[in-house]
Amino acid sequence: MEPSGYRCGMEAAVDLIAGKWKLLILYHLGRERLRFAALRRVLGDVSEKVLAEQLKAMTADGLVRRIDFRTVPPHVEYELTEFGRDFCQSFSAVCEWGDKNMDRVAKISSAKGREDTRSGPKRKAEA
């Protein structure tokens, strides 16, 4: 075992971004700085509680920066840190693969009875 405790780099990366929403949060924040409500809208089916927990964890891990404008009413925005931007560059090939194979993956998910996790109310993936 390595001094870090990880056996490989993939194990370290997965440990940092494990969870259903973290990759999607990174993806959307990689495109632009967003307020909490705007991020929740682009993610779709995430609860407020889960999004808050994920953002708090990602901020503690150094992937995301929370910018508090200290105003009333509160104005808070989230953006990627340099560490987060560097990580996002590493999964651009996965995004390209997903774009290319989106329809095929939707058919596979539909055949297995998985629900579509895109924005909006839960619905079965369209074949």
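Guide: What follows covers the cysteines, then the helix, then the sheet. The model is a predicted one. The count of disulfides is 0. Cys88 takes part in no disulfide, and the nearest cysteine sulfur to its own, that of Cys95, lies 8.1 Å away. Cys95 likewise is in no disulfide, its nearest cysteine sulfur being that of Cys88 at 8.1 Å. Cys88 is buried, at a relative accessible area of 13%, whereas Cys95 is partly exposed, with 26% relative accessibility.

Next, the helix. Helix α6 covers residues 92–111, which makes 20 residues. From first C-alpha to last, α6 reaches 27 Å, close to the 28 Å expected at 1.5 Å a residue. After α6 comes Gly113, with a positive phi near 80°.

Last, the sheet. It is an open sheet of 3 strands in the order β1-β3-β2, paired antiparallel. Strands β1 (34–35) and β2 (64–68) are at the edges, each pairing on one side only. β1 and β3 (residues 76–80) run antiparallel and are joined by 2 bridges. Across from Arg35 stands Glu77 in β3.

Terms used
Residues are numbered from 1 along each chain as its sequence is written. This is a predicted model: local features need pLDDT of at least 70, side-chain atom pairs count only at pLDDT 80 or more; totals for chains, interfaces and linings use all residues. Side-chain values use heavy atoms; hydrogens and water are left out. A disulfide is a pair of cysteine sulfur atoms within 2.5 Å. Buried means under 20% relative accessible area, exposed over 50%, partly exposed in between (1.4 Å probe, protein chains only). Helices (H or I, at least four residues) and strands (E, at least two) are DSSP runs, numbered from the N terminus. The expected span of a helix is 1.5 Å times one less than its number of residues. Two strands pair if DSSP finds at least two bridges between them.
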